[in-house]
Amino acid sequence: MNKLVSISDCTKEDLLHIVNLAEKFEKNPNPHLLDGKLVATLFFEPSTRTRLSFETAVQRLGGRVIGFSDAATSSSSKGETLHDTIKMVSNYVDLIVMRHPIEGAARYASEITNIPVINAGDGSNQHPTQTMLDLYSIKKTQGTLENLTISMVGDLKYGRTVHSLLMAMRFFNPTYHFVAPNELKLPAQYPEFMRKNNIKFDEREDMNSVLADSDILYMTRVQQERFTDLVEYEKVKNTYTLRSNMLEGTKSNLKILHPLPRINEIAPDVDDNPKAYYFEQARNGVFARQAVICSILGMC
Ligand code: CP
């Protein structure tokens with residue numbers, strides 16, 4: 001890999017390479033691997049985990065970071081184009097990590113610079129490094145990526161982490177349950193993608209009906225920031241809330257994942273349930289992102 005813009009660009013070998021490398025970074029920290037390297041984190045949208053885990057990943061490997069966490073403090077607020085911003089930043093650093101609200105922005109950035117670009121989320125489209133940490137979390141908790149039943153619940157329309165993960169898992173023979181209210185169902189291209197790839201899936205509205213046979217329950221937040229009409233958001237924002245007592249009778253290996261932040265789709269009483277894994281999942285982001293960075297820079 002010399003960039004990471006979309007999971008659809010990755011082979012099975014690419015994905016397994018990152019998962020294996022993440023495990024190595026977790027077991028054997030290498031505090032000097034990125035000595036002398038400088039990474040830019042350009043966040044045109046808010047973030048807690050993605051930006052901070054990228055910056056942690058770089059700094060714990062001895063590299064350094066520049067960037068902005070609020071586009072309002074950059075010259076884009078004066079009208080500078082994304083094109084010119086990327087050209088400028090390319091003069092300074094070895095690698096760009098970028099989050100942007102426009103779908104395709106990371107692809108565009110990667111085409112106008114010679115340095116590698118990592119997509120840290122582009123609108124509702126893709127979030128490929130979240131997928132890398134999700135894969136690592138699934139492998140750690142299940143011992144395998146193969147033949148798992150994965151239920152994805154919530155905002156499947158705007159949830160970019162869902163879109164990236166469902167594409168990545170195509171190599172591993174998953175069975176999917178997609179649970180969403182009608183307004184937040186998967187965009188049509190994703191069921192089409194699964195039919196083309198012979199992936200088993202169904203779509204439904206009842207979360208309770210998927211709990212008993214799931215290996216992974218992937219909860220998601222309703223993405224308020226993507227709605228043009230807040231009345232529509234109000235209608236669907238409280239559709240699902242997972243509570244600890246709902247996990248009785250579920251499989252012993254079940255793990256609850258969530259890309260976070262959560263609002264109210266996972267009640268706080270789930271946090272103490274041994275099946276809750278979302279905070280460890282976020283921790284895995286450091287190792288998965290170290291793996292992605294070093295792989296893209298050709299260092300491992
Ligand atoms: N999972 C995720 O993308 O979280 P942040 O928006 O906090 O980066």
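Helices (H or I, at least four residues) and strands (E, at least two) are DSSP runs, numbered from the N terminus. By this count, the chain here has nine helices and nine strands.

A word on where this comes from: the model is predicted, so local features need pLDDT of at least 70 and side-chain atom pairs count only at pLDDT 80 or more, while totals for chains, interfaces and linings use all residues. Residues are numbered from 1 along each chain as its sequence is written, and side-chain values use heavy atoms, leaving out hydrogens and water.

**The whole chain**

| Property | Value |
|---|---|
| Span of the C-alpha trace along its principal axes | about 55 × 45 × 40 Å |
| Accessible surface (Shrake-Rupley method, 1.4 Å probe) | about 12800 Å² |
| Share of that surface on carbon and sulfur atoms | 48% |
| Buried residues (under 20% relative accessible area, 1.4 Å probe, protein chains only) | 55% of 300 |

Contact means heavy atoms within 4.5 Å. Among contacts between residues at least 6 apart in sequence, 74% join residues at least 24 apart.

**A parallel sheet**

Five strands line up as β7-β6-β5-β8-β9 in an open sheet with parallel pairing; two strands pair if DSSP finds at least two bridges between them. At the edges sit β7 (200–204) and β9 (255–257), each pairing on one side only. On average, neighbouring strands of this sheet are turned by 15° against each other, direction ignored, with axes being lines fitted to C-alpha atoms.

Strand β8 (residues 216–219) joins β9 in the parallel sense over three bridges. Tyr 218 has Leu 257 of β9 as its bridge partner.

Methods:
Axes fitted to C-alpha atoms, helices over the stretch in contact; angles between N-to-C directions. Buried < 20%, exposed > 50% of the residue type's maximum accessible area, 1.4 Å probe, protein only.
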